[in-house]
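I opened the notebook to look up a few side chains and ring pairs, and I keep the entries below in the order in which I checked them.

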Amino acid sequence: MSIKFRASFCDPLNPEIIELGDMSPDTIIDYFEKINWNDYLQKMATGKPDEIYYSPSFEVEHKESKNGLVISAGGDPNKYVFSIFFRRPKNVKTFFGLMDNVNENYTTNIQGQTINDALDCLKALLRNDIVYLANKVGQ
């Protein structure tokens with residue numbers, strides 16, 4: 001069985017996106033659960049504004065379908081929340097609804113989510129439950 005997912009991570013104090021490469025679903029869940037979000041947010045809170053490049057973020061993409069999630073932490077280091085961005089190819093109406101056009105990077109997001117919400121969305125992506133994601137994160 002070939003690995004169908006790739007992942008990356010954004011460390012707030014590193015200008016480069018850290019490519020994690022191909023990952024199995026089990027490895028993705030394990031990696032996500034081990035991220036010390038509190039520590040990254042603490043570094044942001046005490047760092048200089050010009051040294052902060054991103055919010056701490058974990059991205060996973062299904063390599064074939066191009067469906068993907070970016071899960072980003074924010075807020076108080078001791079009481080943080082997540083923003084979840086759901087990216088996928090989607091047919092969208094253009095030119096007053098007269099034409100269909102495929103937007104390869106159609107993205108919706110939801111904010112103020114818990115770690116359990118983020119895990120639910122991550123697991124939905126891994127099992128290709130696009131209906132769940134569209135309902136949770138936005139059409």
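Which backbone oxygen does the side chain of Gln-113 reach, and at what distance? I find that it is the backbone oxygen of Gln-111, at 3.0 Å.

I note that this is a predicted model, in which local features need pLDDT of at least 70 and side-chain atom pairs count only at pLDDT 80 or more, while totals for chains, interfaces and linings use all residues. Residues are numbered from 1 along each chain as its sequence is written, and side-chain values use heavy atoms, with hydrogens and water left out.

Leaving aside neighbours within four places in sequence, I list Val-81, Phe-82, Ile-84 and Lys-136 as its contacts (heavy atoms within 4.5 Å).

I then turned to the aromatic pairs, of which the structure holds 9 (ring centres of Phe, Tyr and Trp, the last by its six-membered ring, within 6.5 Å; planes under 30 degrees apart are stacked, over 60 edge-to-face, the rest tilted). Tyr-31 and Phe-58 are stacked, at 5.3 Å centre to centre with 20 degrees between the planes. Tyr-31 is partly exposed at 29% relative accessibility, whereas Phe-58 is buried at 1%. Trp-37 and Phe-82 form an edge-to-face pair, 5.1 Å centre to centre and 90 degrees between the planes; Trp-37 is buried at 1%, and Phe-82 is buried at 1%.

How values were computed. Polar contact = N/O pair within 3.5 Å; in protein donor to acceptor, adjacent residues only side chain to side chain. Buried < 20%, exposed > 50% of the residue type's maximum accessible area, 1.4 Å probe, protein only.
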